[in-house]
Amino acid sequence: LWTVKENTQSGSWMWKKLLKYRDVAKRMYKVDVKNGKRTSFWFESWSSLGCLKDILGEGSNIDMGISINATVEESWMHRRREHRVVILNKVELEIEVSRAGRVHEEDVSLWVNGKGSYKRSFSSREAWEVIREKHQLCHWHEAVWFKYATPKYSFILWTALKGRLPTGDRMRQWGGNVNISCVLC
């Protein structure tokens, strides 16, 4: 029972971590609309504006007169309106453009690749390359961290190479009454 409870808690922890990257994932996915039958009008990025629910917010389905669960195909059947809000008129134009470009093929899911363009297949490697922070390679790590190194000395050398040792000049920057002269002299 304890392991089941522990796995459930760690599983929910993992999902909470993954949900933090929802916005990143949304930027990496879009749909190329063909017949519009399987593409959500409000919740998928199918137009040049992006995900319409994120852009327009709550209540926009009422303003547009399109159901919250509508597909893009169902949006083609609604009667065009003139709105006072400019962004709603842009959405109406997006509907017209997608209606004019419809074909009798299935909608295609597209994923961003490492070069900023989109392709049909998802690659976790390319997704990682898009979202990761790129830093210079560390060539001195073997001089600090090796098999028989004394951990204390490795840690001190590592903090020195990172410029994080609390030396006199750094302690003066922290703002204190610190004597920066060498204590050994």
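Guide: What follows covers ring pairs first, then a strand, in a predicted model.

Visitor: OK, how many aromatic pairs are there?
Guide: The structure holds six aromatic pairs. One of them is Tyr 29 with Trp 111, a tilted pair with 4.8 Å centre to centre and 50 degrees between the planes.

Visitor: Where in the chain do Tyr 29 and Trp 111 sit?
Guide: Tyr 29 is in strand E1 (residues 29-32) and Trp 111 in strand E4 (residues 108-112). The two are 82 residues apart, so the pair links distant parts of the chain. Trp 111 is partly exposed, at 25% relative accessible area.

Visitor: Which residues does the cluster with Tyr 29 and Trp 111 hold?
Guide: Ring pairs join Tyr 29, Trp 111 and Phe 122 into a cluster.

Visitor: And Phe 41 with Trp 46, what is the geometry?
Guide: Phe 41 and Trp 46 form a tilted pair, 5.4 Å centre to centre with 40 degrees between the planes.

Visitor: Is Trp 46 buried or exposed?
Guide: Trp 46 counts as buried, because its relative accessibility is 10% and the cut-off is under 20%. Phe 41 is buried too, at 0%.

Visitor: Switching to E1. Which residues are on which face?
Guide: Tyr 29 and Val 31 make up the covered face of E1, while Lys 30 and Asp 32 are on the uncovered one. In a regular strand, side chains alternate between the two faces of the sheet.

Visitor: What does the charged end of Lys 30 sit over?
Guide: The ring of Tyr 118, at 4.4 Å from the ring centre.

Visitor: Last one: in what sense do E1 and E4 pair?
Guide: Antiparallel, over four bridges. Val 31 has Ser 109 as its bridge partner in E4.

Methods. Residues are numbered from 1 along each chain as its sequence is written. This is a predicted model: local features need pLDDT of at least 70, side-chain atom pairs count only at pLDDT 80 or more; totals for chains, interfaces and linings use all residues. Side-chain values use heavy atoms; hydrogens and water are left out. Rings of Phe, Tyr and Trp (its six-membered ring) pair if their centres lie within 6.5 Å; planes under 30 degrees apart count as stacked, over 60 as edge-to-face and the rest as tilted. Buried means under 20% relative accessible area, exposed over 50%, partly exposed in between (1.4 Å probe, protein chains only). A charge sits over a ring if NZ of Lys or CZ of Arg is within 6 Å of the ring centre and within 35 degrees of the ring normal. Two strands pair if DSSP finds at least two bridges between them.
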